[in-house]
Amino acid sequence: MALPALSMALIVLGIWAMNSRAISYFGFTLMLNLAVPVALATVGQMFVMAGNDLDLSIGTFVGFVGCVTATILHDNPVLGVAILVGCILVYACLGALIHLRNLPSIVVTLGMFFVWQGLAILLLPKPGGHAPDWLKSLMALKIPFVPFPIVAALVIGIVAYVGLMRTSYGAVLRGAGGNPVAVERAGWSLLKAKMVLFGLTGLCGVLAGMALIGLTTSADANLGNGYTLLSIAGTILGGGEFVGGRVSPIGAVIGAMTLTLAGSLLNFMHISPDWQVAAQGGILIVVLAARVIINRTGTTA
């Protein structure tokens, strides 16, 4: 987790060098506003990666949840909650389908990418809708001394860390991806583990979509499309690997915040938004190269 923290510290140092006034309560609130939904989507992706899978549909799922939040949840809260709970169950069923039929998660979630996108367009063909008032108030919460996005990110990271890294069933969930044979021989159900991991991803996706609408106050079917790559990059940047079981919840949250702050740094550097995705990719490559060098140095020593 030291390398992700160092990466974020370097980004903050760069922002301070470009504009020292941004390093303030108000500045961090503005720069990290979108870090909360990104962190939630990243933690969701981390749960799937812990099971040695990958979710390519998390971005469009966040967009669909945003459309539901800004329309049905706003107008009919009971029906809206029922739909969002149903979405989490669909995610859990996807985990069961992938496990029972031994299907590649990339193929299944790529298919769901288009399903969520189509549903979002059917529900909201053009940008619109309204965020529920309670959700806008929650996301605009002001906490003394520490900006709300930092507190929210800390809570997300700690809850995910305790649940996945400090509980006995969390060890089973990680083992389902890292060493499924041993987990099965110990008497644990791999089917249940997959369903729980995908269900947790669905829950994080729902929370990410709701948080995003609380910040933007209206929805768009394409609002969450970039979250798929951001969530994967945040997980890897935070110390996770494409090998099941090797993930870091707090590192993933730091990775998501680093990517969000990197966007602010690139804005201060007057880099065109067209080049910002490439620049963020460059940052990810540099961090991964540093991780490989550190790992090889440790192995050699």
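I began with L40 and found that this residue is buried, with a relative accessible area of 9%; I take buried to mean under 20% relative accessible area, exposed to mean over 50%, and partly exposed to mean in between, with a 1.4 Å probe and protein chains only. The model is a predicted one, in which local features need pLDDT of at least 70 and side-chain atom pairs count only at pLDDT 80 or more, whereas totals for chains, interfaces and linings use all residues. Residues are numbered from 1 along each chain as its sequence is written, and side-chain values use heavy atoms, with hydrogens and water left out.

**Surroundings of L40**

I placed L40 in helix α3, which covers residues 35–50; helices (H or I, at least four residues) and strands (E, at least two) are DSSP runs, numbered from the N terminus. Not counting residues up to four places away in sequence, I found that L40 touches I156, C204, L207, A208 and A211, where contact means heavy atoms within 4.5 Å. I then looked up the pair L40 and A211, which are 171 residues apart along the chain, and their C-alpha atoms are separated by 8.9 Å.

**T228**

I next turned to T228, which has its place in helix α13, residues 227–237, and which counts as buried at 8% relative accessibility. Leaving aside neighbours within four places in sequence, T228 is in contact with Q45, D55, L56, S57, I58 and G59.

**Cysteines**

How many disulfides does a search of the whole structure find? I noted zero disulfides, a disulfide being a pair of cysteine sulfur atoms within 2.5 Å. C87 is in no disulfide, and the nearest cysteine sulfur, that of C67, is 11 Å away; C87 itself counts as buried at 5% relative accessibility. For C93 I found that the closest cysteine sulfur, in C87, is 12 Å from its own sulfur, which is too far for a bond, and that C93 is partly exposed, with a relative accessible area of 48%.

**The chain as a whole**

I finished with the protein chain, whose secondary structure comes to 15 helices and zero strands. Its radius of gyration is 19 Å, which agrees with the value near 19 Å that a compact globule of 301 residues would have; the radius is taken over C-alpha atoms, and the globule rule is 2.2 Å times the number of residues to the power 0.38. The C-alpha trace spans about 60 × 55 × 35 Å along its principal axes. I noted that 48% of the 301 residues count as buried, and that, among contacts between residues at least 6 apart in sequence, 79% join residues at least 24 apart. The protein chain exposes about 14,300 Å², of which carbon and sulfur atoms supply 71%; accessible areas come from the Shrake-Rupley method with a 1.4 Å probe, and for residues only the protein chains shown count as cover.
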